[in-house]
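User: I'd like to go through this model with you and check what stands behind the labels. Could you take me through it step by step?

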Amino acid sequence: MIRLSLLARGQSLGQARCSIATPSTRRTFTPSLFNNNIRSFSTAWTLRNEAKESATPTKPFKVAVIGSGPGGFYAAHRILKHVPQSSIDMFEALPVPHGLVRFGVAPDHPEVKNVMHTFDEVAENPNFTFIGNTSVGTYVTPGSEKADLEISDIRPHYDAILLAYGAHEDRLLGVPNEQTLKGVMAARSFVGFYNGLPCEQDLQVDLSKADTAVVIGQGNVALDVARILLTPLEELKKTDLTERMIKILEKSRVKHVHVVGRRGPLEVAFTAKELREMLQLPETTFYMDQELLASEMERAGKTLERPRKRLMGLLEKGIKESKPDQPKSWSLHFLRSPLGFSGDNDNQLKAIELGINRLEGENSNRKAVATGEKETLPCDLAFRSIGYKSVGIQGIPFDDRKGVVPNMDGKVVDAEQNIVPGFYASGWLKRGPIGVIATTMADAYQTADTIIADWTSGQPMLNNDVSSKQGGKPVLDLLKTKGHKTVSYQDWKKIEQKEFELGAKVGKPREKFLTVEEMLKVVD
Ligand code: FAD
C-alpha cells in the first residue's frame with residue numbers, strides 16, 4: 001500500500017513523503033530533495049505510528065524545554081503523555097510563564113487565554129519542573145544581555161533540548177525617521193506595554209494629544225492595536241488590561257485609526273473574528289475603497305476560496321452597514337507602502353508619506369508594484385505591525401533569512417542540512433511568527449512526535465553516556481552557586497494569586513505586576 005502522508009500546515013510539498021506499508025513491515029523514504037546525510041523523516045502521522053510500534057526504551061528520558069509559551073507547553077504535554085519515563089525541565093526567561101498568551105493575546109480576548117488551564121495541568125505532572133526567571137542562550141544580536149545559562153551549561157544533563165523561545169523582536173520598515181520620531185513605535189512594543197510585559201514598560205505612550213493613528217500592516221495584531229485604541233474604555237476596564245494603560249486611555253483623544261496595507265483587500269492577513277469585532281465597534285464609522293473591493297473580487301472570480309470569500313463578504317457588509325459621521329472612525333487603506341515619517345520641531349510625528357502601488361501578477365501571487373505616485377497622511381501616532389522576528393542564540397544554527405531555527409519536522413539541522421542530534425525546535429521559532437495558538441499546538445505536537453520517535457527508535461541524542469544525565473539538579477545547583485533566583489510553578493501560582501487579588505479590588509480578572517522585581521518580591 002502506498003500512502004502520501006498529509007501535509008502539515010506550512011510544510012512544502014518537498015517535505016511531503018511517502019510511506020510504504022505492508023501488513024508486516026513499514027519502510028520510509030524521503031524525496032531526493034534531502035541529501036544522504038539525513039535519515040528518513042516523516043510527517044507527524046507516520047511518526048506517531050512508528051513510535052507506537054517500536055519497543056519503548058525504559059531508561060529515563062530527560063528533556064529541557066527553553067520557553068514556556070504554547071510551543072513549549074504543548075510539546076511537553078505530549079512527551080509526558082507518551083513517554084512515561086520522561087521528565088521535563090522548562091526554562092523561562094521571565095518569572096511568569098505562558099509567553100504571548102499572557103503578553104500578546106489581547107486583554108479583551110479572555111477566552112483565548114483559557115489555554116493557561118491546560119498548561120497548569122501539564123505543570124501538575126510530577127515529572128515536570130518549571131525553572132522560571134532563567135534565560136538560556138545568549139542572543140547573537142549585538143548588545144544582547146548575557147543569558148543566565150548558556151546551552152553548554154545545560155547540554156551535558158539532558159537527552160534532548162527543545163528550543164521554543166518564540167520571536168521577541170520586530171521587523172523594521174527601513175524608512176526615514178521610524179526610530180527617531182516620538183509617536184512612531186512597534187506594534188509589538190505597544191502590545192507588550194498594554195499587556196504588562198516588563199521590558200516594554202519604559203515605552204513612551206501618550207494618547208492625550210493624538211487624534212489620528214496609523215497602523216502599518218493588515219494582520220490580526222494590527223487590528224488588535226486599532227481595537228484597543230477605539231474600544232470604549234468601560235469595556236476595557238473589565239479586562240486584564242493594565243491599570244497603567246487604562247490611565248493612559250482615560251486621557252486618550254484618538255478618534256481615527258487608518259490600517260494601511262501595501263496590497264489589496266484579497267491579500268489582508270487578518271481573520272473574520274477580528275474584522276467582525278472592528279465592524280461592531282460602537283459609534284465608529286468604517287471606510288474603505290468599495291470599488292477596489294468589487295473589482296478585485298470580480299477579478300478573482302471563482303478562484304476565490306470560501307474563507308476568503310466570507311471575509312470579503314464581511315467587508316462588503318461592513319461598508320454597507322457602516323453609519324456615517326460617527327464620533328470615531330477606522331479605515332482600511334490599500335495599495336500603500338510607507339516611504340517615511342515626518343515630524344515637527346519637537347520631534348513629534350506629524351505625517352506619514354505613502355507610496356501608491358498597483359497590483360500585478362496572478363490571483364494567488366499578487367505583487368505590489370510602486371507607481372511612483374505619493375500621498376501624505378497626517379497622523380500623530382504610527383504603529384508598525386509587519387511581523388515579529390526570532391533571533392538566533394549562540395551555538396545553535398539559525399536561518400537569518402527565514403528567521404527560524406532550521407529544522408525538519410522540528411529536528412534542528414545545520415546549514416548543510418545535517419541533523420544536529422538531540423536539538424529540536426517548536427512554535428514560532430520553528431515555523432516563523434505566524435499562526436494562532438491552535439496552529440502552534442499542532443506544530444508542537446509534530447515536534448514532540450519527532451522527539452518521541454527518535455527516542456523510541458534509539459536515534460543518537462545528546463550524550464549517549466546515559467549515566468551522566470541528571471536533568472535539572474546540577475543545573476539548579478549551578479544557578480545557586482551563581483546566587484541566581486529561580487521561580488517554580490508553585491511560586492508562579494502565588495504570583496498569579498496575588499494578581500487575582502489585586503484585580504478583584506478594581507473589578508478586573510487580574511492586575512498584572514509590571515516589573516520582574518515586583519513579581520519576585522511575592523515569592524521572596
Ligand atoms: P511565545 O508564546 O512567544 O513563547 C516563547 C517563550 O519563550 C516566552 O515566554 C519567552 O519569555 C520565552 N523565552 C524567550 N527567550 C528565552 C530564553 N533565552 N530562555 C528562556 N525563555 C525564553 N493566537 C490565538 O490563538 N488567539 C489570539 O487572540 C492571539 N493573539 C495574539 C496577539 C498577538 C499580539 C500576538 C503576537 C500573537 C497572538 N496569537 C494569538 C498567536 C499566539 O500567541 C502564538 O501562536 C503563540 O504564542 C506562539 O507560541 P511560542 O511558544 O512559539 O512563542
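User: What makes up the lining of the second largest pocket, by class?

Analyst: Happy to start there! This is a predicted model, and the lining has 7 nonpolar, 4 polar and 6 charged residues. The pocket holds about 410 Å³ of space. Among its 17 lining residues, Leu 266, Thr 303, Leu 304, Glu 305 and Arg 308 are the closest to the centre.

User: Why are E12 and strand E13 called a pair?

Analyst: A pair needs at least two bridges, and 4 bridges join E12 to strand E13 (residues 328-333), so they are paired. The two strands run parallel.

User: What makes strand E9 and strand E12 edge strands?

Analyst: Each of them, E9 at 184-186 and E12 at 284-287, pairs on one side only. They stand at the two ends of the order E9-E17-E10-E11-E13-E12 in an open sheet of 6 strands with parallel pairing. From one strand to the next, the twist averages 15 degrees.

User: Which strands does helix H7 lie across, and how does the helix run relative to E11?

Analyst: Helix H7 (residues 220-230) lies across strands E10 (212-216), E11 (256-260), E12, E13 and E17 (381-384). Its angle to E11 is about 175 degrees.

Conventions
Residues numbered from 1 in each chain as written. Predicted model: local features only at pLDDT ≥ 70, side-chain atom pairs only at ≥ 80, totals over all residues. Heavy atoms only, no water. 1 Å grid on protein atoms, 1.4 Å probe; cavity = no way out; pocket = protein on both sides within 12 Å on 5 of 7 lines; lining within 4 Å. Points joined across faces, edges and corners; volume = space filled by probe spheres on them. Nonpolar A, V, L, I, M, F, W, Y, C, P; charged D, E, K, R; others polar. Axes fitted to C-alpha atoms, helices over the stretch in contact; angles between N-to-C directions. Contact = heavy atoms within 4.5 Å.
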